[in-house]
Amino acid sequence: MKKLILLLLGFALGAVLTYFFCCKQSETGMENLTPPKGLITPQEAKALDTAYNPRYQLISDSIVTRRGGDNRSSWYSLDDMRAYLDYAENEADSLGFTMNGIRVYLGAYPDANGIPGYTTMFFVPTGYLKSATNTSDGSMNAFSHFMQGGKGDITGGSGFNEGGNGQPPGANYPQ
């Protein structure tokens with residue numbers, strides 16, 4: 001009976017130690033994450049934002065002359081972004097493409113009642129035709145996607161917009 005209790009106690013102690021030393025994640029949960037290519041520091045983000053100031057001023061002074069200037073950022077929820085990426089990937093597949101990225105475009109809403117629309121950012125899926133390596137159909141579309149290394153916009157793919165403006169629209173980084 002003593003041996004059985006010691007054996008069970010040994011298993012329990014071993015399980016607890018294994019949990020604390022092997023399986024428990026850190027407070028951030030980031031110890032096993034590989035940083036993605038293209039990460040920038042907050043200081044680099046600030047430098048990019050500051051370098052945009054002359055362009056923003058030109059747009060706000062000469063085109064979007066409303067009080068507060070033009071919009072210079074957009075906000076998207078994680079749920080909306082994940083849903084869009086899933087949707088775009090499925091749509092690309094149904095159009096005969098393999099989606100491999102997203103391109104971000106700057107755009108502007110149409111003028112309304114003589115007031116220029118705010119700048120916006122919108123996303124479109126990029127990828128390559130599944131048959132891009134076989135361009136025997138002779139289409140320029142297949143050839144252009146092949147020549148761009150699969151980074152062309154997906155023809156017929158839905159874009160994603162409707163992010164929230166900065167608050168206020170002309171606010172610099174960070175908000």
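Over how many bridges do β3 and strand β4 pair, and in which sense? I looked this up in a predicted model. β3 and β4 (residues 152-153) pair over two bridges, in the antiparallel sense. Within this pairing I located Gly127, which stands opposite Gly152 in β4.

**Entry: the other partner of β3.** I next examined β2 and found that β2 and β3 pair over eleven bridges, again in the antiparallel sense. Here Ile102 stands opposite Pro125 in β3. I also checked how far β3 is covered: nine of its eleven residues are buried, that is, under 20% relative accessible area.

**Entry: length of helix α3.** I compared the span of α3 (residues 78-94) with expectation. At 1.5 Å a residue, its 17 residues should span 24 Å, and the end C-alpha atoms are 24 Å apart, so the two values agree.

Entry: Which residues of α3 are buried? I found Tyr84, Ala88, Glu91 and Ala92. They lie on the same side of α3, because they cover an arc of only 100° around the axis. I noted the general rule: an α-helix has 3.6 residues a turn, so residues three or four places apart point the same way. On the face turned away from the buried side I recorded the exposed residues Leu78, Asp79, Arg82, Asn90 and Ser94.

**Entry: what α3 packs against.** I traced the contacts of the buried residues of α3 and found that they pack against β2 (97-108) and β3 (119-129).

**Entry: after the helix.** I looked at Gly96, which follows α3, and noted that its phi is positive, near 90°.

Methods:
Residues are numbered from 1 along each chain as its sequence is written. This is a predicted model: local features need pLDDT of at least 70, side-chain atom pairs count only at pLDDT 80 or more; totals for chains, interfaces and linings use all residues. Side-chain values use heavy atoms; hydrogens and water are left out. Helices (H or I, at least four residues) and strands (E, at least two) are DSSP runs, numbered from the N terminus. The expected span of a helix is 1.5 Å times one less than its number of residues. Buried means under 20% relative accessible area, exposed over 50%, partly exposed in between (1.4 Å probe, protein chains only). The arc is that of the directions from the helix axis to the C-beta atoms. Contact means heavy atoms within 4.5 Å. Two strands pair if DSSP finds at least two bridges between them.
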